[in-house]
Amino acid sequence: MSKNVPILIVDDDVSQRRLIEFWLQEDGHSTISAGDGLNGLRAFEQHAPSLVITDIRMPGMTGLDLLSHVKAINPDTPVILVTAFGTVNDAVEAMKLGAADYVLKPLNADELKVNVRRALERQELVSENRSLQI
């Protein structure tokens, strides 16, 4: 698995966003960040990151909306949703929309890094599988 892949972090909470950036950079990843869903979508379109981590509850475009847009643009991009207000309905909706994972805040650095590694490894396997089918 390639470590230095761009990861997009979308969260309206600046301190949470910076903390996630720090953890991922500490783990060898490059990061791009946005403070809301609309700017996150713009960053996704501009930078084509390998993974998206987004909060669910944000003003304007929610994380679930962003997930839908990301999957419409590139269905193979894994999206990890994070929230402080987890509900079963949100988790079910996230999985139906194709989320790679659903994580409750407060976040744990080691858990998040494992979730990121797992999502990127899964994406890499899907890509390799597709290339072998050609």
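Me: At what angle do α2 and α3 pack, and how far apart are their axes?

Reply: In this predicted model, α2 and α3 pack at an angle of about 15°, and their axes are 10 Å apart.

Me: Why is α2 called roughly parallel to α3?

Reply: The packing angle is about 15°, and angles under 35 degrees count as roughly parallel, so α2 is roughly parallel to α3. The crossing of these two helices, α2 and α3, is right-handed.

Me: Which residues make the contact between α2 and α3?

Reply: From α2 the contact takes G37, G40, L41, F44 and E45, while α3 brings in L66, H69, V70 and I73. L66 also has contacts elsewhere: leaving aside its neighbours within four places in sequence, L66 is in contact with V10, G37, G40, L41, V52, T54 and M61.

Me: What makes β2 and β5 the edge strands of the sheet?

Reply: The open sheet has five strands in the order β2-β1-β3-β4-β5, with parallel pairing. The strands β2 (30-34) and β5 (101-104) each pair on one side only, and they are the edge strands. On average, neighbouring strands of this sheet are turned by 20° against each other, direction ignored.

Me: How do you know that β4 and β5 are paired?

Reply: Two strands pair if there are at least two bridges between them, and four bridges join β4 (residues 79-83) to β5, the two running parallel; therefore β4 and β5 meet the criterion for a pair. As for one of the partners, I80 is bridged to D101 in β5.

Me: Which strands does helix α2 lie across, and at what angle does α2 run to β1?

Reply: Helix α2 (residues 37-47) lies across β1 (6-10), β2 and β3 (51-55), and runs at about 170° to β1.

Me: Which residues have the most contacts inside the largest nonpolar core?

Reply: That core has 20 residues, and those with the most contacts inside it are L8, V52, L66 and L81. At least two residues of this core come from each of β1, β2, α2, α3 (63-73) and β4, and α3 gives the most, with four residues. A second, separate core has 18 residues, among them I20, L51, I53 and L120.

Conventions: Residues are numbered from 1 along each chain as its sequence is written. This is a predicted model: local features need pLDDT of at least 70, side-chain atom pairs count only at pLDDT 80 or more; totals for chains, interfaces and linings use all residues. Side-chain values use heavy atoms; hydrogens and water are left out. Axes are lines fitted to C-alpha atoms, for helices over the stretch in contact, and angles run from 0 to 180 degrees between N-to-C directions. Contact means heavy atoms within 4.5 Å. A nonpolar core is a set of buried Ala, Val, Leu, Ile, Met, Phe, Trp, Tyr and Cys residues joined through side-chain atoms within 4.5 Å. Buried means under 20% relative accessible area, exposed over 50%, partly exposed in between (1.4 Å probe, protein chains only). Angles under 35 degrees count as roughly parallel, over 145 as roughly antiparallel, 65 to 115 as roughly perpendicular and the rest as oblique. A crossing is left-handed if the near helix is turned anticlockwise from the far one by less than a right angle, and right-handed if clockwise.
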